[in-house]
Amino acid sequence: MPALAPRSPSSPTVYGPVSRLAHWGGALLTIALLALGLIAEELLPDGALRKKLWAWHVGLGMLALLPLLLRAQWSALALLARGRRPAPLSPPGPLRWLEHGVHAGLLVVMLVMAFSGPLMYWSEGEPVHVLGWFSVPSPIEANAALHYYSGRLHDLGSKLLLALLALHVAGALRHGRTSLRRMAGPRPQPSTR
């Protein structure tokens, strides 16, 4: 009797539930963090509302760190195991390399943002307050140069993240419904009753 192969979390045409949850949850969180950060930084004058938006941006950013690390690990495992993700929609060539580069770039930039954000506070010797629930004390001493460069990196990361998100959305639109179906999940089967 042949051994049964382990069930793949993804099929040839649809991503598995963990991948879909990570994708859509990460997308919502990333868009919320970008919106909060950009509105607070670019549109609002100093004041209570700006301070509140920054507090939400920082708190959500800290809470996003663990799911982001799990997402990175899940993506790395999917690269190592065949059949863990649906086949690419683009034929082999430069376009497929661009798509892989955008996906990898998104993950790397999100990781850089998740670490450079807290580093801005910690490099001032300040704790990071998470929505009034708890604080994460600084593991390092104050360092003005590190504060400056982590701030610059975070700012550059936000702009790069916007560009990569635009490319990702353009790629999804290029593939049309096929792309959305892969990340929406299997279609319900019609009832036979």
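A residue counts as buried when its relative accessible area is under 20%, and as exposed when that area is over 50%. The exercises below apply such cut-offs to a predicted model.

**Exercise 1.** Determine whether His23 is buried or exposed, and state which residues it contacts.

*Solution.* Begin with the location: His23 belongs to helix 1. Next, take its relative accessible area, which is 16%. Because this value is under the 20% cut-off, His23 is buried. Finally, set aside the neighbours within four places in sequence; His23 is then in contact with Arg71, His168 and Met183.

**Exercise 2.** Describe how helix 1 and helix 5 are oriented to each other, and which residues meet between them.

*Solution.* Identify the elements: helix 1 spans residues 17–43 and helix 5 spans residues 177–184. Their axes are 8 Å apart and form an angle of about 110°. Angles of 65 to 115 degrees count as roughly perpendicular, and the two helices are therefore roughly perpendicular to each other. Helix 1 contributes Ser19, Arg20, His23 and Trp24, which meet Arg182, Met183 and Ala184 of helix 5. Sorted by class, this contact comprises three nonpolar, two polar and two charged residues.

**Exercise 3.** Give the order of helices and strands along the protein chain, and the share of its residues that are buried.

*Solution.* Count the elements: the protein chain contains five helices and two strands. In sequence order they follow the pattern α-α-α-β-β-α-α. Of the 193 residues, 31% are buried. The accessible surface is about 13200 Å², and carbon and sulfur atoms account for 70% of it. Turning to contacts between residues at least 6 apart in sequence, 67% join residues at least 24 apart.

**Exercise 4.** State what the average pLDDT of the protein chain is, and where the pLDDT is below 50.

*Solution.* The average pLDDT is 83, and 86% of the residues score at least 70. Over residues 1–8, however, the pLDDT is below 50. Beyond near neighbours in sequence, this stretch has two contacts in the model. Where pLDDT is low, predicted coordinates should not be read in detail.

Terms used:
Residues are numbered from 1 along each chain as its sequence is written. This is a predicted model: local features need pLDDT of at least 70, side-chain atom pairs count only at pLDDT 80 or more; totals for chains, interfaces and linings use all residues. Side-chain values use heavy atoms; hydrogens and water are left out. Helices (H or I, at least four residues) and strands (E, at least two) are DSSP runs, numbered from the N terminus. Buried means under 20% relative accessible area, exposed over 50%, partly exposed in between (1.4 Å probe, protein chains only). Contact means heavy atoms within 4.5 Å. Accessible areas come from the Shrake-Rupley method with a 1.4 Å probe; for residues, only the protein chains shown count as cover. pLDDT is the predictor's confidence in each residue, from 0 to 100. Axes are lines fitted to C-alpha atoms, for helices over the stretch in contact, and angles run from 0 to 180 degrees between N-to-C directions. Angles under 35 degrees count as roughly parallel, over 145 as roughly antiparallel, 65 to 115 as roughly perpendicular and the rest as oblique. Ala, Val, Leu, Ile, Met, Phe, Trp, Tyr, Cys and Pro count as nonpolar, Asp, Glu, Lys and Arg as charged, and the others, Gly among them, as polar.
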